[in-house]
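My notes follow the order in which I looked.

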Amino acid sequence: MKVLRTVNSVVKKVQSRYETRRHLKFIQNHATELRHLPVDADRYKVALHFPDEMANAYQIRQWYEPLLALAEFVPVVIIVRSPDTALSLRKECPLPIHFAPAVVDVERFMQSQDLRVVFYVNQNIRNFQIMRFNAPNHVFICHGESEKAYMWSNQLKAYDYVFSAGEAAKDRLVNHLRNFDASLRCRLIGRPQIDVDYASPVNLNKELPTLLYAPTWEGDRPSMNYGSVLSHGEQLIDALIKDGGFNVIFRPHPRSGMGAKPYGQGVERIRKQLRAHSETSKAQFIFDDSAHWGWQWSAADLCVTDISAVAYDFLATGKPMFVTQPVSTEATVDETPALQQVPALTAASATEISRLAREALAGSNPQLRGLVNYYFGDVSPGASMQRFIAETLALVQEDSVTDH
């Protein structure tokens, strides 16, 4: 058995090397496209740096449409560092892709373009290979609004500015970061993603309300253990299937199971459970692993999610929502206005979700409007997108700093 595992490991390494060589060959053949450096007025002024593999592509996909809207005013590009990512994003991303695998490629790109703003969606260590350049404004835009400890990481001090959704995010930085002037370095842009029209890829029974269950992953450390699949999810889905009165969209986090195999196995059990009952129920049971996040907001009438960015995306819709209460005592839970006012769903009450959901749909929450304003500011149609573009263009128009 040990010999077989060794052989399989060697085969996988050979296959990986072969794929890498094949991808690099493809990139060489398409160098005009993937290594293009515009000149004169066409030079890029705004870039988004994405050094990750495609496993984290969900972090950048949500920014396609806002960046496309921005590109109507200034040239925008996506900088990628992995050959697999370059090829994959080339197929799906509507923006130009520039492949810069090595530091020398980054330097050639930075020195040839007129970059005024570089966006970052995560804290990948390779961000620092671009952040060492003084000329552009380095701006952290993250991949969603949430109450996770990640949102007030001390790493945010490395950026010139942080684009945040609303006053709640700004207050979060004031309360948690030392020696960080949020009034100067935090720009409030709302959530431009809510101003995008997303087409739904599924047909739902319109005679029934639709519940979106979108748990986060298990996290990569005890303080980030917010995922509810094993503690709430299986019981919740079982109760909804037995009730039969709700369409269900189950959208697990793309990284589910990467840190803990049992968590991924729980996701798989739910998937099989939904599939087993989808043909015999008048309700639609959808396992959603689609690439894009956004259409679910308009398709769902209410949402169950964890302490994650999903909660804040859905909060902006003004529709009923439950946030699961982590069972881990090590998970960092901040007593924020959202967590105090949005109903919590304990593991013990997960089996009562049908009753709780009906009560939520029949009632109203007058405090919700003030909560939405605190977290996102003006969410009237187009307001967030306009703020994102305006704040970016203001940084583009700043006097450029000279690198030495």
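**Strand pairing.** I started with strand β6 (residues 161–164), which pairs with β7 in the parallel sense over three bridges. Strands count as paired here if DSSP finds at least two bridges between them. I looked up V162 and found C186 in β7 as its bridge partner. Helices (H or I, at least four residues) and strands (E, at least two) are DSSP runs, numbered from the N terminus.

**Source of the values.** This is a predicted model, in which local features need pLDDT of at least 70 and side-chain atom pairs count only at pLDDT 80 or more, while totals for chains, interfaces and linings use all residues. Residues are numbered from 1 along each chain as its sequence is written, and side-chain values use heavy atoms, with hydrogens and water left out.

**The sheet.** I then traced the sheet that holds β6: seven strands, open, in the order β3-β2-β1-β4-β5-β6-β7, with parallel pairing. At the edges I found β3 (97–99) and β7 (186–188), each pairing on one side only. The twist from one strand to the next averages 30°. Strands of a sheet pair through backbone hydrogen bonds, either parallel or antiparallel.

**Helices on the sheet.** Helix α5 (residues 83–92) lies across β1 (46–50), β2 (76–80) and β3, and I noted about 160° between α5 and β3. Axes are lines fitted to C-alpha atoms, for helices over the stretch in contact, and angles run from 0 to 180 degrees between N-to-C directions.

In helix α6 (residues 103–112) I listed D105, V106, F109 and M110 as buried. Down the axis of α6 these buried residues fall within an arc of 130°, so they line one face of the helix. The arc is taken over the directions from the helix axis to the C-beta atoms. Buried means under 20% relative accessible area, exposed over 50%, and partly exposed in between (1.4 Å probe, protein chains only). The buried residues of α6 pack against β2, β3 and α7 (128–131); contact means heavy atoms within 4.5 Å.

I repeated this for helix α8 (residues 167–176), where A168, A169, R172 and L173 are buried. The buried residues of α8 fall within an arc of 140° seen down its axis, so they line one face of the helix. Their cover includes β6, α9 (182–185), β7 and α16 (368–376).

**Another strand pair.** Strand β11 (residues 302–305) pairs with β12 in the parallel sense over three bridges. C303 stands opposite M321 in β12. Which residues cover the two sides of strand β12 (residues 321–324)? I found M321 and V323 on one side and F322 and T324 on the other, all buried.

**Packing of α10.** I checked α10 (residues 229–243) against α11 (residues 261–277): the angle is about 5° and the axes are 10 Å apart. That makes α10 roughly parallel to α11. The cut-offs are under 35 degrees for roughly parallel, over 145 for roughly antiparallel and 65 to 115 for roughly perpendicular, with the rest oblique. On the α10 side, the residues that meet α11 include V229, L230 and I237; on the α11 side, Y263, V267 and I270 are among them. By class I noted nine nonpolar, four polar and three charged residues in this contact. Ala, Val, Leu, Ile, Met, Phe, Trp, Tyr, Cys and Pro count as nonpolar, Asp, Glu, Lys and Arg as charged, and the others, Gly among them, as polar.

Against α15 the axis of α10 comes within 9 Å and crosses at roughly 75°, which makes the two helices roughly perpendicular. L236, A239, L240 and D243 in α10 meet I353, S354 and R358 in α15.

**Loop residues.** Most residues other than glycine have a negative phi. C142 has a positive phi near 60°; its place is the loop between β5 (137–140) and β6. C142 is buried, with a relative accessible area of 4%. N179 also has a positive phi, about 55°, and sits in the loop between α8 and α9. N179 is exposed at 75% relative accessible area.

Last I looked up A348, in the loop between β13 (344–345) and α15 (353–362). A348 is exposed, with a relative accessible area of 68%.
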